[in-house]
Amino acid sequence: MSFLFSSPSIAMSMDEFQLIRDFVYHYCGLNFSEDSKYLLEKRLAKRLQHLQLESFRDYYYYLRYNKDKDQELTELIDLLTTNETYFFREDFQLKTLTEEILPEIVRQKEKDKDRRIRIWSAGCSSGEEPYTIAMLLLDNPLLADFQVDIIGTDISQRVLQLARKGVYGTSSFRATPPGYQERFFAAADGKFRVNDRVRNLVTVSHLNLFDAPRVALLGRMDIIFCRNVIIYFDMAAKKKVVDSFFQRLRPGGFLLLGHSESLMNITNVFTLRHFTHDMVYQRPHQLPFEGGGA
Ligand SMILES: C[S@@+](CC[C@H](N)C(=O)[O-])C[C@H]1O[C@@H](n2cnc3c(N)ncnc32)[C@H](O)[C@@H]1O
């Protein structure tokens, strides 16, 4: 048997696992239990090999102190994030968006004489989620007079590159209702490229949800989608991120989580709204201590 093309793998000690796990947790909230030691060891082995490092402890020091540490952090995050996504994921929630949430927002905006709607897809992966929102909004006559901005952000540079390219294979379309692919995409070498009408509504940028000063720069949102992202965080990290969403939402704004996610035991500052097809969190229009009393 030849070892020419396979390098002997390097084992990760429990100390090394804890160093790297804590480093990742403090950087971006991703939480790896001790059961994940083997997974980390396996996923990061190719980085050790590439950087010609002899141990995971060396890799940890590289991440902390090497002059190329920022570049390596990008590689690390690309290897550790789960980026699964597709167009029109969780259709009952999207129905709630178009049939109930948007009409309510439009009514409020008309009262406020505000013609701008801002939607944030936090943890947008390769872009299917913000582009789905864009397709739904382009279809909506209620929004004809509105300026709509959809901001997609993610921590992984690799998936953001895909989002910017906007070219997708068939698996991204597995839940797409009939007609959308034909109307909003053009065929491109066996794949499908999202058209400019959709693309022009969406801005894609790099953002770590734990980078509080940069999150604050986003300004106020009417709706935040953060679906299937906080599932990978522990309680303390979930709380931090959800508190920052509360700050980013304008009063009355909505937070849409994934179907398996809830704010139970995390925070009670949001109101849970029961719509026809789904339940959605809303930042109250007025906080209890802001009451209009004398
Ligand atoms: C499973 S995907 C969800 C994609 C999309 N929201 C959906 O539901 O289809 C989770 C995304 O969250 C991103 N993510 C994880 N931790 C993050 C963090 N700290 N800051 C920003 N994005 C993060 C990952 O890179 C990944 O692309």
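Predicted model: local features only at pLDDT ≥ 70, side-chain atom pairs only at ≥ 80, totals over all residues.
A residue counts as buried when its relative accessible area is under 20%, and Phe173, at 8% relative accessibility, is therefore buried.

**Overall build**

- The protein has 294 residues, and 49% of them count as buried.
- Its secondary structure comes to eleven helices and ten strands.
- Taken along the principal axes, the C-alpha atoms fill a box of roughly 70 × 55 × 35 Å.

**The ligand and its neighbours**

- There are 22 residues around the ligand, and those that come nearest are Thr85, Arg89, Gly123, Asp154 and Asn228.
- Thr85 places a polar side-chain atom 2.6 Å from an oxygen atom of the ligand.
- For Asn228, a polar side-chain atom lies 2.8 Å from a ligand oxygen atom.
- Asn83 also has a polar side-chain atom by a ligand oxygen, at 2.9 Å.
- On its own the ligand has 610 Å² of accessible area, and the protein covers 99% of that.

**The largest pocket**

- The largest pocket holds about 430 Å³ of space.
- Its lining is made up of 24 residues, of which Thr82, Gly123, Asp154, Asn228 and Val229 are the closest to the pocket centre.
- By residue type, the lining divides into ten nonpolar, nine polar and five charged residues.

**The loop between H4 and H5**

- Helix H4 covers residues 69-80 and helix H5 covers 91-112, and Phe88 is found in the loop between them.
- Phe88 has a positive phi of about 55°, although this residue is not a glycine.
- With a relative accessible area of 5%, Phe88 is buried, because the cut-off for buried is under 20%.
- Thr81 is found in the loop between H4 and H5 too.
- At 14% relative accessibility, Thr81 also counts as buried.
- The side chain of Thr81 reaches the backbone oxygen of Ile77 at 2.9 Å.
- Thr81 also makes a side-chain to side-chain polar contact with Asn83, at 3.3 Å.

**Phe173 and Arg89**

- Phe173 has its place in the loop between strand E3 (167-168) and helix H8 (180-184).
- Along the sequence, Phe173 and Arg89 are 84 residues apart, while in space their C-alpha atoms are 9.6 Å apart.

**Lys109 in helix H5**

- Lys109 is found in helix H5.
- Is this lysine buried or exposed? Lys109 counts as buried, because its relative accessibility is 4%.
- Phe146 is 37 residues away from Lys109 along the chain, and the C-alpha atoms of the two are separated by 9.6 Å.

**Two other loop residues**

- Asn265 lies in the loop between strand E8 (249-257) and strand E9 (271-274).
- Phi of Asn265 is near 70°, which is a positive value in a residue other than glycine.
- Asn265 is exposed, because its relative accessible area of 69% is over the 50% cut-off.
- Tyr232 is found in the loop between strand E7 (221-226) and helix H11 (235-248).
- Tyr232 has a relative accessible area of 36% and is therefore partly exposed.
- From Tyr232 to Glu104 there are 128 residues along the chain, and their C-alpha atoms are separated by 31 Å.

Terms used: Residues numbered from 1 in each chain as written. Heavy atoms only, no water. 1 Å grid on protein atoms, 1.4 Å probe; cavity = no way out; pocket = protein on both sides within 12 Å on 5 of 7 lines; lining within 4 Å. Points joined across faces, edges and corners; volume = space filled by probe spheres on them. Nonpolar A, V, L, I, M, F, W, Y, C, P; charged D, E, K, R; others polar. Helix = DSSP H or I, 4+ residues; strand = E, 2+ residues; numbered from the N terminus. Buried < 20%, exposed > 50% of the residue type's maximum accessible area, 1.4 Å probe, protein only. Near = heavy atom within 4 Å. Polar contact = N/O pair within 3.5 Å; in protein donor to acceptor, adjacent residues only side chain to side chain. Areas by Shrake-Rupley, 256 points an atom, 1.4 Å probe, with all protein chains shown as cover.
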